[in-house]
There are 2 protein chains.
Amino acid sequence: MQLLTRGTGLYTDHYELTMAQGYFKFQRHEKPAIFDYFFRKNPFKGGFTLFAGLDSFLDMLESFHFENKDINYLKNVGFADDFLDYLKNFRFSGSIYSFSEGDLVFPKAPVVRVEAPILEAQIIETLLLNILNFETLIATRAARMKIAAGGRNLIDFGMRRAQGLGAIHATRAAVIGGFTATSNVLSADLFGLTSTGTMAHSWVQSYEDEYQAFSEFAAAFPENCILLIDTYNTLNSGVPNSIKVAREMEQRGHKLMGVRLDSGDLAYLSKKTRKQLDDAGFNYVKIIVSNQMDEHIMASLIQQGASIDGFGVGTRLVTGKPDAALDGVYKLASFDGTPRLKLSENSDKLTLPGRKSVIRYFNKENKAYADVVALEGEMPQEMIYPGQTEIKNQKISCMKAEPKLEKVWENGRRLFKKRNVKEIQEYGTEKLLHLPNEHKRFENPHVYKVGISPELLKLRNELIEKHM
Amino acid sequence: MQLLTRGTGLYTDHYELTMAQGYFKFQRHEKPAIFDYFFRKNPFKGGFTLFAGLDSFLDMLESFHFENKDINYLKNVGFADDFLDYLKNFRFSGSIYSFSEGDLVFPKAPVVRVEAPILEAQIIETLLLNILNFETLIATRAARMKIAAGGRNLIDFGMRRAQGLGAIHATRAAVIGGFTATSNVLSADLFGLTSTGTMAHSWVQSYEDEYQAFSEFAAAFPENCILLIDTYNTLNSGVPNSIKVAREMEQRGHKLMGVRLDSGDLAYLSKKTRKQLDDAGFNYVKIIVSNQMDEHIMASLIQQGASIDGFGVGTRLVTGKPDAALDGVYKLASFDGTPRLKLSENSDKLTLPGRKSVIRYFNKENKAYADVVALEGEMPQEMIYPGQTEIKNQKISCMKAEPKLEKVWENGRRLFKKRNVKEIQEYGTEKLLHLPNEHKRFENPHVYKVGISPELLKLRNELIEKHM
């Protein structure tokens with residue numbers, strides 16, 4: 001599925017192409033390289049991250065090539081003719097290893113590993129980071145909201161506040177993270193979902209009075225009528241008018257599906273609305289609330305006993321406000337067969353060298369206990385060591401071990417069957433069941449253990465010594 | 001310019017189409033409506049907002065139609081056949097009035113006014129909000145960074161952290177707000193800019209030693225060589241190696257353009273780097289810094305006397321973190337010739353009724369003094385009144401008045417000559433010169449006055465009374 005009218009060859013940072021030309025000039029461009037994609041911190045001060053975006057990235061990788069107009073642009077900004085001739089036939093020929101979409105991932109362990117001639121691995125960096133960082137951020141936010149909502153419906157209302165065309169993948173990621181519905185029609189069509197939505201204030205305002213607005217809407221949409229009841233006065237006008245309409249609908253053999261609150265004190269108003277509806281005999285009418293929702297506000301509303309059947313969520317879902325970005329990076333781990341390291345001025349930015357895998361260990365209750373970054377082929381059986389996280393040495397003997405990075409791309413094509421987003425959602429829900437609750441709480445979640453293997457520890461220490 | 005492989009008809013919230021079908025069913029869809037686009041709060045706790053995105057929105061409006069596959073999707077999710085027949089020939093036939101891109105805009109005064117048959121005005125809402133909210137957010141952030149940077153270069157490095165395809169318009173808006181360069185190659189090509197960029201850590205890591213990495217890069221790019229000097233140790237390795245390379249470049253008649261710092265204490269490291277470079281005779285070598293920049297960190301670095309010639313900015317520019325969204329809304333102001341109001345449970349969400357213009361008043365120093373929302377055709381001469389902002393009545397007698405909303409779209413086409421983004425940037429820079437400094441400071445900026453006219457005050461009070 002190609003979303004943009006242009007191929008994605010120019011969907012990159014300029015320095016990727018500058019370096020590519022440099023590799024090409026010195027005939028180093030076909031030397032094998034390994035890059036790791038990883039992030040340094042769970043978003044939202046949380047205890048886990050839900051991986052999304054792999055399939056969107058691979059879709060865009062399929063159209064990663066350079067068209068004539070791309071080449072013209074690059075020529076105009078000074079790239080060399082021989083390099084541009086090379087780019088004309090460029091296709092990514094490398095292999096990609098990755099966690100599955102919907103799986104849980106943790107800081108400082110590779111989520112994706114790219115193996116390719118260095119030029120190729122280099123120039124897909126920006127595309128990979130752009131898509132994976134974003135979808136993973138949003139899917140993680142959605143998963144947190146799902147935890148807070150405790151089984152209530154979650155509807156993505158975010159398109160108007162999404163970051164431009166970012167709306168398209170935001171909705172995909174929101175559903176992967178656990179949202180039940182979306183208002184975003186284009187994404188629904190693109191990703192095999194069904195969009196939903198009823199009325200805005202403008203519908204109500206376009207009538208001389210609220211009752212008439214509700215009544216005509218109910219006549220037009222008797223099967224899925226949700227009335228927005230806060231245009232003038234929720235309890236004195238919106239609720240009484242919706243009760244009147246609900247009664248008329250029953251007389252015609254229909255049922256009012258719900259009402260929506262979009263302003264005011266939602267704890268107070270939802271309880272009062274519920275009581276008025278119930279007293280009038282409409283306990284089947286659902287109450288949906290919206291207005292600056294996030295997981296913390298949802299949890300607070302529920303804790304206050306608010307009567308809420310569903311949440312409409314916008315800004316804080318689709319933009320991941322206030323974090324707004326996952327800090328994922330893409331770092332060289334091996335070049336021409338030799339492991340590579342970056343030291344940097346911040347010890348936090350130290351990288352892990354070599355061709356690595358990630359193994360997840362499960363305790364006796366079949367809950368995820370620790371992730372271990374190991375050299376490919378190595379399977380730690382006894383002990384893991386602090387990587388860049390602040391854990392102590394940990395025993396992992398006798399634990400069930402699950403290797404995580406699978407080859408997903410080779411010779412220009414996917415190696416797995418595409419799943420639809422609802423399937424990925426179910427996969428993620430199942431993975432979250434196997435994560436202990438203490439990593440899922442919002443306040444000071446327990447830090448999930450990510451360690452490194454004995455062989456990796458040894459390799460890293462050797463390389464640090466060499467550069468010191 | 002069409003960016004998406006699909007027309008933008010489905011680039012909308014589902015409820016816009018539900019309401020549209022409702023308007024259509026009751027034959028109200030051709031009744032004239034007026035909607036206002038406005039926002040309620042300056043982003044980033046700031047004192048101004050820089051408007052951007054108009055041209056991007058109009059570009060997408062040009063491809064707002066429903067293709068066969070769009071109609072098929074809508075049929076599958078239950079829209080009525082007669083309505084879908086109507087949509088097949090849909091084109092937006094209304095008129096749009098707007099501030100110019102690059103102008104300053106303030107809370108609660110209309111930025112854009114849409115006049116069209118209600119169905120048409122309704123279903124473009126999401127597209128308008130999505131694009132204008134986002135580009136305005138980012139242009140405003142960029143303008144704030146430009147103020148902080150005090151004439152130093154500002155380079156957009158944000159693509160990898162941008163919200164997916166949001167990267168495309170983020171770069172456009174960043175340049176409108178004052179950025180001098182971008183790493184985003186696709187946006188540079190799309191918007192007539194020149195992208196720039198040199199090396200990442202991976203280039204350095206791909207060599208056995210840092211000096212060799214620098215030396216080969218300088219040989220490949222003698223004209224615009226900027227070396228990244230923090231891969232191993234900035235002051236003990238990165239700077240000495242770049243001095244060595246700078247010396248060799250001079251011997252070949254070239255000049256090292258700059259070095260980049262991407263980690264550590266940038267105030268300390270930039271001063272030390274400057275001194276080492278100067279002591280070696282390379283006072284022409286520029287120092288660029290990057291790593292989690294925003295306007296506050298820039299201002300702090302400069303205040304500490306850091307030696308910085310340019311800033312590379314990523315996440316906080318292109319995502320507008322932590323705000324991440326402008327709270328712009330699109331509200332019905334008139335239907336079928338009658339002014340409309342929304343009261344809501346939050347007094348803050350009260351709307352302004354009727355067909356309105358915005359007039360900016362300038363004081364004797366030719367600085368912007370206040371914006372007034374007035375009924376179209378009304379030109380207040382004496383006094384303005386509190387709208388929804390907490391100002392007192394204000395005298396505006398004898399002030400220069402500048403009407404702001406101009407018709408930009410009619411009969412399916414733009415009414416103005418497209419400007420390139422650099423022209424819009426210059427326009428914005430000029431507008432900021434005419435804003436008093438107290439609105440531009442970051443800490444507790446003085447609130448710019450936005451009032452309403454006598455006639456609008458009267459109309460609003462009449463309508464409130466009617467609904468109470």
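Student: How many residue pairs are in polar contact between chain A and chain B?

Tutor: A polar contact is a pair of N or O atoms within 3.5 Å; within protein, one must be able to donate a hydrogen and the other to accept it, and residues adjacent in sequence count only if both atoms are side-chain atoms. Between chain A and chain B there are 68 such residue pairs, both residues at pLDDT 80 or more. This is a predicted model, in which local features need pLDDT of at least 70 and side-chain atom pairs count only at pLDDT 80 or more, while totals for chains, interfaces and linings use all residues. Residues are numbered from 1 along each chain as its sequence is written, chains are lettered from A, and side-chain values use heavy atoms, leaving out hydrogens and water.

Student: How many salt bridges are there between chain A and chain B?

Tutor: A salt bridge is a side-chain nitrogen of Lys or Arg within 4 Å of a carboxyl oxygen of Asp or Glu. The count between the two chains is 12. One of the residue pairs forming a salt bridge is Asp13(B) with Arg160(A), where the closest N and O atoms lie 3.1 Å apart.

Student: What area is buried between chain A and chain B?

Tutor: Buried area is the accessible area (1.4 Å probe) that two parts lose on being put together, summed over both. Here the value is about 9200 Å², and carbon and sulfur atoms give 55% of it. Arg160(A), Gln163(A) and Leu165(A) supply 9% of the area that chain A buries against chain B, more than any other three residues.
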